Amino acid sequence: MSAKKKQPQGDATEARIRDFFERNYELLRMESGQVLTNDLKQEALNQVLFYYRKMKHVADNVTRTEVRLALPEQRTAQGRRFTIEGVVDVVQEGDETWLYDIKTHDPEHVRQHPGSYEQQLNVYAHIWQNLQRQPLHHTAIIATQYPRAMKDAWRRNDMAAFLFEFERWQPLIELPFDQGRLEETLGSFAEVVDAIEGKHFAPRTEEDLDGGGKRRFATRVCRNCDARFSCTSYRTWARKRSGNDRSAAKYFSDPVPDAEQNDWVDGNLETAPIGE
Ligand code: SF4
(Lines give C-alpha, C1' and ligand atoms only; values in the text may rest on other atoms or scores of the structure.)
Protein backbone atom coordinates (compact mmCIF):
# COMPACT_ATOMS: atom_id res chain seq x y z
CA MET A 1 0.00 0.00 0.00
CA SER A 2 1.46 3.39 -0.93
CA ALA A 3 1.89 6.21 1.61
CA LYS A 4 -0.66 9.02 1.31
CA LYS A 5 0.79 11.65 -1.00
CA LYS A 6 0.40 15.36 -0.89
CA GLN A 7 -1.92 16.29 -3.80
CA PRO A 8 -1.43 19.42 -5.90
CA GLN A 9 -3.78 22.14 -4.64
CA GLY A 10 -4.90 24.99 -6.83
CA ASP A 11 -7.15 27.81 -7.99
CA ALA A 12 -10.59 27.90 -9.60
CA THR A 13 -9.19 26.99 -13.03
CA GLU A 14 -7.58 23.93 -11.53
CA ALA A 15 -10.92 22.94 -10.00
CA ARG A 16 -12.40 23.09 -13.53
CA ILE A 17 -9.48 21.06 -14.91
CA ARG A 18 -10.19 18.38 -12.28
CA ASP A 19 -13.84 18.40 -13.25
CA PHE A 20 -13.11 18.11 -17.01
CA PHE A 21 -10.54 15.41 -16.32
CA GLU A 22 -13.04 13.37 -14.29
CA ARG A 23 -15.71 13.66 -17.00
CA ASN A 24 -13.26 12.75 -19.77
CA TYR A 25 -12.00 9.79 -17.79
CA GLU A 26 -15.54 8.48 -17.23
CA LEU A 27 -16.32 8.82 -20.95
CA LEU A 28 -13.14 7.00 -21.97
CA ARG A 29 -13.73 4.31 -19.34
CA MET A 30 -17.22 3.65 -20.69
CA GLU A 31 -16.08 3.71 -24.32
CA SER A 32 -12.99 1.53 -23.94
CA GLY A 33 -13.71 -0.55 -20.82
CA GLN A 34 -10.19 0.37 -19.60
CA VAL A 35 -9.80 1.45 -15.99
CA LEU A 36 -6.87 2.99 -14.15
CA THR A 37 -5.80 2.38 -10.58
CA ASN A 38 -6.30 5.37 -8.30
CA ASP A 39 -2.52 5.97 -8.28
CA LEU A 40 -2.26 5.96 -12.08
CA LYS A 41 -5.33 8.14 -12.46
CA GLN A 42 -3.88 10.63 -9.99
CA GLU A 43 -0.62 10.57 -11.94
CA ALA A 44 -2.44 11.37 -15.18
CA LEU A 45 -4.28 14.24 -13.49
CA ASN A 46 -1.01 15.52 -12.00
CA GLN A 47 0.49 15.65 -15.48
CA VAL A 48 -2.29 17.97 -16.64
CA LEU A 49 -2.11 20.12 -13.48
CA PHE A 50 1.69 20.45 -13.54
CA TYR A 51 1.55 21.36 -17.20
CA TYR A 52 -1.07 24.03 -16.50
CA ARG A 53 1.02 25.46 -13.63
CA LYS A 54 4.14 25.58 -15.75
CA MET A 55 2.37 27.19 -18.70
CA LYS A 56 -0.18 29.25 -16.76
CA HIS A 57 1.20 32.55 -18.08
CA VAL A 58 0.63 31.36 -21.67
CA ALA A 59 -2.79 29.83 -20.92
CA ASP A 60 -3.94 33.07 -19.23
CA ASN A 61 -2.90 35.13 -22.27
CA VAL A 62 -4.21 33.00 -25.11
CA THR A 63 -5.93 35.36 -27.49
CA ARG A 64 -7.26 32.71 -29.87
CA THR A 65 -7.24 29.02 -29.19
CA GLU A 66 -7.40 26.11 -31.64
CA VAL A 67 -7.14 28.36 -34.68
CA ARG A 68 -7.53 26.23 -37.80
CA LEU A 69 -5.08 27.20 -40.55
CA ALA A 70 -5.36 25.86 -44.08
CA LEU A 71 -3.26 26.24 -47.19
CA PRO A 72 -5.36 24.88 -50.08
CA GLU A 73 -4.67 24.35 -53.76
CA GLN A 74 -1.09 23.09 -53.49
CA ARG A 75 0.32 20.98 -56.33
CA THR A 76 2.86 18.19 -56.28
CA ALA A 77 5.49 17.62 -58.99
CA GLN A 78 3.22 14.91 -60.39
CA GLY A 79 0.24 17.24 -60.54
CA ARG A 80 -1.69 16.07 -57.45
CA ARG A 81 -3.64 18.68 -55.54
CA PHE A 82 -3.45 18.83 -51.76
CA THR A 83 -4.25 21.04 -48.78
CA ILE A 84 -2.12 21.56 -45.68
CA GLU A 85 -4.07 22.04 -42.45
CA GLY A 86 -3.09 22.64 -38.85
CA VAL A 87 -4.42 23.87 -35.53
CA VAL A 88 -2.50 26.41 -33.44
CA ASP A 89 -2.92 28.71 -30.43
CA VAL A 90 -2.21 32.42 -30.71
CA VAL A 91 -1.04 34.68 -27.90
CA GLN A 92 -0.81 38.47 -28.01
CA GLU A 93 1.83 39.74 -25.55
CA GLY A 94 1.97 43.53 -25.66
CA ASP A 95 2.87 44.44 -29.25
CA GLU A 96 4.04 40.95 -30.09
CA THR A 97 2.16 37.96 -31.44
CA TRP A 98 3.20 34.39 -30.68
CA LEU A 99 1.96 31.35 -32.56
CA TYR A 100 2.17 28.04 -30.67
CA ASP A 101 1.87 24.49 -31.90
CA ILE A 102 1.19 22.05 -29.05
CA LYS A 103 2.72 18.58 -29.27
CA THR A 104 2.53 15.68 -26.83
CA HIS A 105 6.27 15.11 -27.39
CA ASP A 106 9.35 15.10 -25.19
CA PRO A 107 10.84 18.65 -25.11
CA GLU A 108 14.36 17.23 -25.40
CA HIS A 109 13.45 15.40 -28.56
CA VAL A 110 12.08 18.62 -30.09
CA ARG A 111 15.26 20.51 -29.14
CA GLN A 112 17.47 17.82 -30.63
CA HIS A 113 15.42 17.45 -33.83
CA PRO A 114 13.93 20.86 -34.62
CA GLY A 115 13.88 20.35 -38.42
CA SER A 116 10.38 18.96 -39.04
CA TYR A 117 8.86 21.19 -36.33
CA GLU A 118 10.42 24.26 -37.95
CA GLN A 119 8.98 23.22 -41.30
CA GLN A 120 5.47 22.99 -39.92
CA LEU A 121 5.78 26.31 -38.10
CA ASN A 122 7.02 27.89 -41.32
CA VAL A 123 3.87 26.87 -43.15
CA TYR A 124 1.63 28.12 -40.32
CA ALA A 125 3.55 31.41 -40.24
CA HIS A 126 3.04 31.81 -43.98
CA ILE A 127 -0.72 31.19 -43.73
CA TRP A 128 -1.10 33.48 -40.72
CA GLN A 129 0.90 36.37 -42.20
CA ASN A 130 0.22 36.19 -45.91
CA LEU A 131 -3.23 34.64 -46.25
CA GLN A 132 -4.85 35.91 -43.07
CA ARG A 133 -2.81 39.16 -43.10
CA GLN A 134 -2.05 39.06 -39.38
CA PRO A 135 1.18 40.21 -37.70
CA LEU A 136 3.54 37.56 -36.30
CA HIS A 137 6.73 37.89 -34.27
CA HIS A 138 7.46 34.47 -32.75
CA THR A 139 6.66 30.82 -33.39
CA ALA A 140 7.17 28.04 -30.86
CA ILE A 141 6.44 24.44 -30.00
CA ILE A 142 4.96 23.56 -26.62
CA ALA A 143 6.01 19.98 -25.84
CA THR A 144 3.74 18.67 -23.10
CA GLN A 145 5.56 15.54 -21.91
CA TYR A 146 7.15 16.17 -18.54
CA PRO A 147 10.60 14.96 -17.54
CA ARG A 148 11.12 11.50 -16.05
CA ALA A 149 13.17 12.95 -13.17
CA MET A 150 10.23 15.14 -12.15
CA LYS A 151 7.83 12.22 -12.22
CA ASP A 152 10.21 10.05 -10.18
CA ALA A 153 10.66 12.78 -7.55
CA TRP A 154 6.87 13.10 -7.20
CA ARG A 155 6.50 9.34 -6.83
CA ARG A 156 9.17 9.30 -4.11
CA ASN A 157 7.39 12.18 -2.39
CA ASP A 158 10.69 14.10 -2.53
CA MET A 159 9.38 17.67 -2.77
CA ALA A 160 12.83 19.33 -2.87
CA ALA A 161 13.87 17.25 -5.88
CA PHE A 162 10.45 17.72 -7.46
CA LEU A 163 10.60 21.53 -7.19
CA PHE A 164 14.14 21.53 -8.55
CA GLU A 165 13.05 19.51 -11.60
CA PHE A 166 9.89 21.59 -12.02
CA GLU A 167 12.00 24.76 -12.23
CA ARG A 168 14.30 23.18 -14.82
CA TRP A 169 11.43 21.94 -16.97
CA GLN A 170 11.14 24.01 -20.19
CA PRO A 171 8.20 22.85 -22.35
CA LEU A 172 8.24 25.98 -24.52
CA ILE A 173 10.74 25.85 -27.35
CA GLU A 174 10.94 28.88 -29.60
CA LEU A 175 11.80 27.97 -33.20
CA PRO A 176 12.11 31.09 -35.36
CA PHE A 177 10.24 30.89 -38.66
CA ASP A 178 12.13 31.36 -41.88
CA GLN A 179 9.96 32.31 -44.84
CA GLY A 180 12.97 31.96 -47.14
CA ARG A 181 12.60 28.18 -46.67
CA LEU A 182 8.88 28.05 -47.41
CA GLU A 183 9.23 26.68 -50.96
CA GLU A 184 11.55 23.97 -49.73
CA THR A 185 9.05 23.05 -47.00
CA LEU A 186 6.08 22.94 -49.37
CA GLY A 187 8.23 20.86 -51.74
CA SER A 188 8.91 18.27 -49.06
CA PHE A 189 5.18 18.04 -48.17
CA ALA A 190 4.44 17.55 -51.89
CA GLU A 191 7.01 14.76 -52.11
CA VAL A 192 5.29 12.94 -49.24
CA VAL A 193 1.90 13.32 -50.96
CA ASP A 194 3.31 11.86 -54.19
CA ALA A 195 4.95 9.02 -52.27
CA ILE A 196 1.72 8.13 -50.44
CA GLU A 197 -0.53 8.42 -53.48
CA GLY A 198 2.01 6.54 -55.60
CA LYS A 199 2.07 3.79 -52.91
CA HIS A 200 5.80 4.12 -52.28
CA PHE A 201 6.14 3.13 -48.64
CA ALA A 202 9.85 2.42 -48.24
CA PRO A 203 10.81 1.97 -44.57
CA ARG A 204 13.49 4.04 -42.89
CA THR A 205 17.07 2.89 -43.40
CA GLU A 206 18.97 0.84 -40.83
CA GLU A 207 21.11 3.90 -40.10
CA ASP A 208 17.95 5.88 -39.33
CA LEU A 209 16.84 3.18 -36.91
CA ASP A 210 20.06 3.54 -34.93
CA GLY A 211 19.84 7.33 -34.85
CA GLY A 212 17.45 9.64 -33.04
CA GLY A 213 19.34 10.93 -30.02
CA LYS A 214 19.00 9.49 -26.54
CA ARG A 215 16.33 7.00 -27.60
CA ARG A 216 16.93 5.33 -30.92
CA PHE A 217 14.29 5.61 -33.64
CA ALA A 218 13.97 1.82 -33.49
CA THR A 219 13.04 1.92 -29.80
CA ARG A 220 10.97 5.06 -29.84
CA VAL A 221 9.01 4.48 -33.07
CA CYS A 222 9.57 1.03 -34.63
CA ARG A 223 8.95 -0.86 -31.38
CA ASN A 224 5.37 0.46 -31.51
CA CYS A 225 4.90 0.10 -35.27
CA ASP A 226 2.47 -2.58 -36.47
CA ALA A 227 4.52 -3.02 -39.65
CA ARG A 228 7.66 -4.10 -37.76
CA PHE A 229 7.03 -7.82 -38.37
CA SER A 230 7.39 -7.43 -42.12
CA CYS A 231 9.70 -4.41 -42.22
CA THR A 232 13.05 -5.34 -43.77
CA SER A 233 14.96 -2.57 -42.01
CA TYR A 234 13.62 -3.43 -38.59
CA ARG A 235 14.02 -7.18 -39.05
CA THR A 236 17.65 -6.74 -40.12
CA TRP A 237 18.28 -4.32 -37.26
CA ALA A 238 16.75 -6.69 -34.67
CA ARG A 239 18.62 -9.71 -36.04
CA LYS A 240 21.96 -7.90 -35.89
CA ARG A 241 21.36 -6.76 -32.34
CA SER A 242 20.37 -10.20 -31.10
CA GLY A 243 23.33 -12.11 -32.64
CA ASN A 244 22.84 -15.79 -33.38
CA ASP A 245 20.64 -16.71 -30.43
CA ARG A 246 16.83 -16.55 -30.42
CA SER A 247 16.56 -13.34 -28.45
CA ALA A 248 15.36 -11.41 -31.54
CA ALA A 249 11.86 -12.46 -30.44
CA LYS A 250 11.90 -9.81 -27.76
CA TYR A 251 12.05 -7.10 -30.43
CA PHE A 252 8.83 -8.39 -31.98
CA SER A 253 6.76 -9.75 -29.12
CA ASP A 254 4.38 -7.38 -27.43
CA PRO A 255 4.22 -8.67 -23.87
CA VAL A 256 2.14 -6.69 -21.42
CA PRO A 257 4.56 -5.66 -18.66
CA ASP A 258 3.80 -7.18 -15.25
CA ALA A 259 3.25 -3.75 -13.71
CA GLU A 260 0.69 -2.89 -16.40
CA GLN A 261 -1.12 -6.18 -15.89
CA ASN A 262 -1.25 -5.62 -12.12
CA ASP A 263 -2.56 -2.08 -12.65
CA TRP A 264 -5.33 -3.43 -14.83
CA VAL A 265 -6.37 -6.00 -12.21
CA ASP A 266 -6.11 -3.50 -9.32
CA GLY A 267 -8.04 -0.87 -11.27
CA ASN A 268 -10.89 -3.28 -11.95
CA LEU A 269 -10.98 -4.42 -8.33
CA GLU A 270 -11.07 -0.83 -7.11
CA THR A 271 -14.00 0.07 -9.38
CA ALA A 272 -15.94 -3.22 -9.10
CA PRO A 273 -19.23 -2.89 -7.17
CA ILE A 274 -19.06 -4.57 -3.74
CA GLY A 275 -20.65 -8.01 -3.70
CA GLU A 276 -20.05 -8.79 -7.41
S1 SF4 B 1 9.28 -0.70 -38.28
FE2 SF4 B 1 7.73 0.74 -38.97
S3 SF4 B 1 8.48 2.75 -38.33
FE4 SF4 B 1 10.23 1.32 -38.26
S5 SF4 B 1 11.20 1.56 -40.26
FE6 SF4 B 1 9.81 -0.17 -40.37
S7 SF4 B 1 7.91 0.71 -41.19
FE8 SF4 B 1 9.14 2.44 -40.45
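**Close-up views of a predicted model**

**View 1. Strand β2 pairs with strand β3.** Five bridges join β2 to β3 (residues 96–103), and the two strands run antiparallel. Strands pair if DSSP finds at least two bridges between them. Strands here are DSSP runs of E with at least two residues, helices are runs of H or I with at least four, and both are numbered from the N terminus. E93 stands opposite E96 in β3. The hairpin of β2 and β3 has two residues between the strands, and G94 takes a positive phi near 65° there.

This is a predicted model: local features need pLDDT of at least 70, side-chain atom pairs count only at pLDDT 80 or more, and totals for chains, interfaces and linings use all residues. Residues are numbered from 1 along each chain as its sequence is written.

**View 2. Strand β1 pairs with strand β2.** β1 covers residues 62–75 and β2 covers residues 81–93. They pair in the antiparallel sense over nine bridges. V67 stands opposite V88 in β2. Five residues lie between the strands in this hairpin, where G79 takes a positive phi near 85°.

**View 3. Helix α6 packs with helix α7.** α6 spans residues 148–155, and α7 spans residues 159–168. Their angle is about 155°, and their axes are 8 Å apart. Axes are lines fitted to C-alpha atoms, for helices over the stretch in contact; angles run from 0 to 180 degrees between N-to-C directions. The two helices are therefore roughly antiparallel. Angles under 35 degrees count as roughly parallel, over 145 as roughly antiparallel, 65 to 115 as roughly perpendicular and the rest as oblique. A149, M150, A153 and W154 of α6 make the contact with A161, F162, E165 and F166 of α7. Contact means C-beta atoms, placed from the backbone, within 7 Å. Seven of the contact residues are nonpolar, none polar and one charged. Nonpolar means Ala, Val, Leu, Ile, Met, Phe, Trp, Tyr, Cys and Pro; charged means Asp, Glu, Lys and Arg; the others, Gly among them, are polar.

**View 4. Helix α1 packs with helix α2.** α1 covers residues 12–32, and α2 covers residues 38–54. The angle is about 140°, with axes 11 Å apart. That makes α1 oblique to α2. The contact is made by E14, I17, R18, F21 and Y25 of α1 and K41, L45, V48, L49 and Y52 of α2. By class, this contact has seven nonpolar, no polar and three charged residues.

Key
Contact = placed C-beta atoms within 7 Å.
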